[in-house]
Amino acid sequence: MSRLEAKKPPLFISEPLAKDRVCQSLLLLSRILKSSYGPAGRLKQLHNGVGGCVCTTSQSSALLRHLSVSDPVLRVVTASVQNHVSHFSDCGLFTAILCCSLIESFRSLNVASCTVIKITRHLLSLCMDYLKSKACGCRVSVDFSSVETLVCLVRSVLTSKPACMLNKTEVEHLATLVLKAFLFTVPCHVETNAVLGKCVIVPVKGRRVMDSTVLPGLLIETPEIQLGKPLAVKRTGSNMIKIALFCVSMSGDSFSPEEGTIAVCHGISLEMSELNQLLNVGKQLVNDGVGLVVCQKVIHPSLKQYLKENLVMAVDRAGLSLLEPLSRMTGSKPIASIHSLSPGCYGSLKDVSIERVASKHFVHLIPEDTVICSLILCNRSETAWDELKRVCETAEHVLQLTMKEPLALLGGGCTETHLASYIRYKSSNLSTSTFQDLGCSQTQYQLVADGFCRSLESVARSLNRDGGEILTDVVYGHCWFVPSGFPSVSNWSDVASKCGCGINGNTEDLSWRILEGQSCSPVIQGCPKEPSVKVTDFLTLDCFAAKCSGLQVALETTNLVLDLSYVIEDQN
């Protein structure tokens, strides 16, 4: 008999934020995230310690997925950020860094947590009202009739992840390709409930990034097909190719011993019976005028040969991932049985060709109307390709979100410093009735507001890697980076040429202040202005929807953590 142990009582941890272990873990997580942030972020290598795959990345989705977090408080933070990233793909590091900074700032205040929560909710409403107002000085409208702003959005996503190992030429090439692929997925004929198409990424590792390209339609890898041989494919009277799409195995071995016992009469061969059924399906396909058969799984060689003799092209092993886009692109309905075919299950294609990319051969299915496309994505190493794939998927999602809400926020730390300037201005001009409604004093409100603004500015400071100074101007509230080597007494106007987002050139006499971590920053006199002269080339932009959500998630998660009075852990 196995030995039984007495059940241990649960462990109660009161006021978890007051524990040094929790604070040290939170500080460590914050350092990891801050050092990964932005174009100059440092890469992290993550592995499980017992072998297996090693992940090299600076992306929040990969970082948080591979990090082993045991502390319950940190789990709340990472789970909130991961949930945000699953919905928006972008601004994960911004959300996580801001959340950690807010917790660190607020936990040390001599203000009751319930009061802090009330004030932060009011600050969040001020931020969201400002960001969604036309008077907002840190957002830009996105015009879909011009590609300039869209390219800036994609470029900003691509350059934010150094593990992709891209130079400027490659960034411009990929930004164009991602935008082109996205535009392929936009329907030409807008309906009441228009649905965007899909971009399928085709992996090609060990090749130059400049070999990447975009093709309308879908590519299915077919190693056995050779170049140079003309494709003989049956066409309909309207010069289209009728296609049948099967999601069931056509290999002739559909009977599996695991499914049970089958009683068969003496002299009957299951294999021959199955093959005859497959050939009958082939005859019906030929009679119905089908020119292309695509199977998710394997097609029997005899059926392949029969179809080929009747000018029907057969492509198998297409895989599950291509089933949905292929069905949508061609209008065909996946056939789940070889015992019944309906004339309404067929789709159509404009053309079929063979494409060669590096050492791989693909069947290229070309549709009549393109809402499905293939992005052939190349990179020199597997590590760089994995990161690039995640970045391209993020960029496509950012474009989709921007189409729903055609706005963008200024990047390069400028939205954070501008918003901090705005909150300092607003918090110093609130009426007495506001403090009464919140049940706090003006001093308490100012303490929380200052902690909030310093947390926003800490996100901007995380972008600096070369040891230089980070400034903000007191006119527009933008973020300016000064290279290392200049003394703090310098005339900043001589060395600060362009703000972080690139929208402001230093063409006027601006007043400056250095962003410091814990110092009490002076209140800006007046609301930060919107730049009158804008430089539109090579702007650094952030996704509006993703950053607004990140701001909300960071504050709400902070409030949740501040409100934790007990952590109860099961010890069994």
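The answer below starts with the whole chain, looks closely at the strands, and then turns to some helices and loops.

Modeller: Happy to! Please keep in mind that this is a predicted model: local features are reported for pLDDT of at least 70 and side-chain atom pairs for pLDDT 80 or more, while totals for chains, interfaces and linings use all residues. Residues are numbered from 1 along each chain as its sequence is written, and side-chain values use heavy atoms, with hydrogens and water left out.

Let us begin with the overall view. The protein chain has 16 helices and 20 strands. These are DSSP runs counted from the N terminus, a helix being H or I over at least four residues and a strand being E over at least two. Of the 572 residues, 50% count as buried. Here, buried means under 20% relative accessible area, exposed means over 50%, and partly exposed lies in between, with a 1.4 Å probe and protein chains only.

Now for the strands. Two of them pair if DSSP finds at least two bridges between them. Take the open sheet of three strands in the order 5-14-6, where the pairing is mixed. Its edges are strand 5 (198-205) and strand 6 (213-216), each of which pairs on one side only. On average, neighbouring strands of this sheet are turned by 25° against each other, direction ignored. Such angles use axes fitted as lines to C-alpha atoms (for helices, over the stretch in contact), and they run from 0 to 180 degrees between N-to-C directions. Strand 5 runs parallel to strand 14 (residues 372-379), and eight bridges link the two. One place to look is Lys198, whose bridge partner in strand 14 is Ile372.

A second open sheet of three strands has the order 17-16-18, with antiparallel pairing. The edges here are strand 17 (479-481) and strand 18 (512-514), and each pairs on one side only. The twist from one strand to the next averages 35°. Strand 16 (residues 470-473) is joined to strand 18 by three bridges, and the two run antiparallel. Within this pair, Leu471 has Ile514 of strand 18 as its bridge partner. A handy rule while you look: in a regular strand the side chains alternate between the two faces of the sheet.

Which strands does strand 15 (residues 407-410) pair with? Three bridges join it, antiparallel, to strand 4 (residues 139-141), with Leu407 of strand 15 as the bridge partner of Ser141. Three bridges also join strand 15 to strand 19 (residues 541-543), again antiparallel.

What surrounds the strands? Helix 16 (residues 544-562) has 16 of its 19 residues buried, so it is largely enclosed by the rest of the structure. Helix 16 reaches 27 Å from its first C-alpha to its last, close to the 27 Å expected at 1.5 Å a residue. The expected span is 1.5 Å times one less than the number of residues. Helix 14 (residues 442-461) is mostly covered too, with 14 of its 20 residues buried. Its end C-alpha atoms are 28 Å apart, which agrees with the 28 Å that its residues should span. In helix 10 (residues 323-330), six of the eight residues are buried, including Leu323, Pro325 and Met329. Just after helix 10 comes Gly331, with a positive phi of about 80°.

Most residues other than glycine have a negative phi. Cys91 is not a glycine, yet its phi is positive, about 65°. Cys91 sits in the loop between helix 3 (72-88) and helix 4 (92-107), and is buried at 8% relative accessible area. Leu311, also not a glycine, has a positive phi of about 60°. Leu311 is in the loop between helix 9 (301-309) and strand 10 (313-315), and counts as partly exposed at 43% relative accessibility.
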